[in-house]
Amino acid sequence: MPCTVSAGTASDAALDALFVPFDAGELTFPAQGGVLVLRAREGIALREHIRPGWLLQQSFAPATNALARHHYATIDDLGDAEDGGAVGARLRAMGHPETFEFVLVLPTRQREETRALFARAMALVSPTGVVVASVPNAEGAKTAEADLVALAGGVAQLSKHKCRVFWTRPGVAPDAALWRAWLAFDAPLPIDEGRYTSRRGLFAWDRIDTASKLLIGVLPDDLHGHVADLGAGFGYLACEALARNPGITGVDLFEAEGRAIEPARLNLAAAVARTGRDIATRVEWHDVTLGVDGRYDAIVSNPPFHQGRADDPTLGRAFITTAARALVPRGRFWMVANRHLAYEATLAACFGQVRTVVERDGFKVIEAKDPRP
């Protein structure tokens with residue numbers, strides 16, 4: 001078995017439903033420009049409807065890369081939502097207006113992150129514009145609609161593709177107090193009694209997850225040299241490894257979700273300061289499945305294991321492949337995963353030595369050595 005992995009694709013009902021009001025004649029796009037899509041995703045429905053001058057925002061690197069392959073105008077982060085002047089300046093620099101006739105939103109599963117998205121949308125819609133959102137019924141469509149109603153008053157809605165799509169009245173002003181409160185939901189915030197900074201909507205954003213704790217509990221204290229954390233989130237694994245291993249001289253963090261980058265930088269800087277050592281660091285917004293541009297003495301990882309709700313072991317297998325290719329010949333890979341996920345064949349293909357260190361609480365910690373060329 002070669003040390004490679006391929007990823008599949010899935011249909012996107014929420015993206016399809018997002019355009020139904022326009023297909024049905026309920027709403028009409030401007031001939032050119034005037035449209036911003038928050039958390040945009042590539043798909044057939046987008047290709048069929050997009051027009052010149054649209055701007056697509058997406059902070060998840062694989063989704064951003066998919067949009068970029070079609071040469072769409074994309075942006076990962078619009079900046080501090082509470083600093084309207086800075087956001088407007090960035091939009092003008094890109095050749096876009098400060099506000100849009102339509103702001104289309106594909107909400108996330110985390111409620112407060114979605115509330116922040118709605119507040120951001122209301123900040124960027126024009127005085128006569130409309131905010132449109134689409135949510136699968138099984139992922140909290142009624143709740144998301146009720147939240148937009150609370151923020152913007154009544155909405156129109158229809159159902160299609162097992163989703164609910166709903167939109168504001170033209171030119172409606174948001175509830176000012178609620179709008180300010182919801183904008184603040186996107187700010188980094190302390191967790192774990194102030195030891196770490198996180199952000200709503202990240203994986204295990206409000207706690208240290210059980211799997212990562214298990215890995216750190218058995219991680220040795222003799223890691224040295226240059227170390228990487230693949231799929232770092234807000235940086236817990238790298239920071240704890242740094243605290244426990246005085247031989248580490250450099251740390252690189254790779255994370256696909258752009259909203260995690262600022263918390264990760266803050267956490268890593270604090271971890272380095274606590275060591276009192278001169279340690280080279282890098283935090284990079286990057287899709288790990290595409291490989292990484294470094295050579296490492298050790299790599300730690302708690303790989304993602306799902307796309308949507310379904311388990312997707314191809315993601316973890318891609319992380320294993322990337323780790324094997326990025327390690328020096330005597331390098332070591334430490335990973336934690338759900339116990340039922342079948343990674344063993346990929347590990348055996350990519351490494352000469354593989355051992356399960358511990359199995360507990362539904363997870364397994366694996367050490368792999370002797371990466372194969």
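Student: Which residues touch the most other members of the largest nonpolar core?
Tutor: Happy to start there, keeping in mind that this is a predicted model. The largest nonpolar core holds 35 residues. Those touching the most other members are Leu219, Leu242, Val251, Leu253 and Leu268.

Student: Which element gives the largest share of this core?
Tutor: Elements giving two or more residues to the core include the helices α9 (210–218) and α11 (261–275) and the strands β11 (247–255) and β16 (327–338). Helix α10 (236–244) is also one of them. With six residues, the largest share comes from α10.

Student: Leaving aside neighbours within four places in sequence, what is Leu219 in contact with?
Tutor: Leu219 is one of the core residues that touch the most other members. With those sequence neighbours set aside, the contacts of Leu219 are Ala241, Asn245, Val300 and Trp334.

Student: How do the axes of α6 and α7 lie, and what are they called relative to each other?
Tutor: The axes of α6 (residues 111–124) and α7 (residues 141–152) come within 10 Å and cross at roughly 40°. Angles under 35 degrees would count as roughly parallel, and 65 to 115 as roughly perpendicular. The two helices are therefore oblique.

Student: By class, which residues make up the contact of α6 with α7?
Tutor: From α6 come Arg111, Arg115, Phe118, Ala119 and Met122. The α7 side has Thr143, Ala144, Asp147, Leu148, Leu151 and Ala152. By class, that contact has seven nonpolar, one polar and three charged residues.

Student: Is Arg115 buried or exposed, and at what relative accessible area?
Tutor: Arg115 has its place in helix α6. Not counting residues up to four places away in sequence, Arg115 touches Asp147, Trp182 and Phe185. Buried means under 20% relative accessible area. Arg115 therefore counts as buried, at 18%.

Student: What is the phi of Arg39, and is this residue buried or exposed?
Tutor: Arg39 lies in the loop between β1 (35–38) and α3. Although Arg39 is not a glycine, its phi is positive, about 60°. At 12% relative accessibility, Arg39 counts as buried.

Student: Where is Ala204, and what is its relative accessible area?
Tutor: Ala204 is in the loop between β9 (196–198) and α9. Phi of Ala204 is positive too, near 45°, in a residue other than glycine. Ala204 is buried, with a relative accessible area of 8%.

Methods: Residues are numbered from 1 along each chain as its sequence is written. This is a predicted model: local features need pLDDT of at least 70, side-chain atom pairs count only at pLDDT 80 or more; totals for chains, interfaces and linings use all residues. Side-chain values use heavy atoms; hydrogens and water are left out. Axes are lines fitted to C-alpha atoms, for helices over the stretch in contact, and angles run from 0 to 180 degrees between N-to-C directions. Helices (H or I, at least four residues) and strands (E, at least two) are DSSP runs, numbered from the N terminus. Angles under 35 degrees count as roughly parallel, over 145 as roughly antiparallel, 65 to 115 as roughly perpendicular and the rest as oblique. Contact means heavy atoms within 4.5 Å. Ala, Val, Leu, Ile, Met, Phe, Trp, Tyr, Cys and Pro count as nonpolar, Asp, Glu, Lys and Arg as charged, and the others, Gly among them, as polar. A nonpolar core is a set of buried Ala, Val, Leu, Ile, Met, Phe, Trp, Tyr and Cys residues joined through side-chain atoms within 4.5 Å. Buried means under 20% relative accessible area, exposed over 50%, partly exposed in between (1.4 Å probe, protein chains only).
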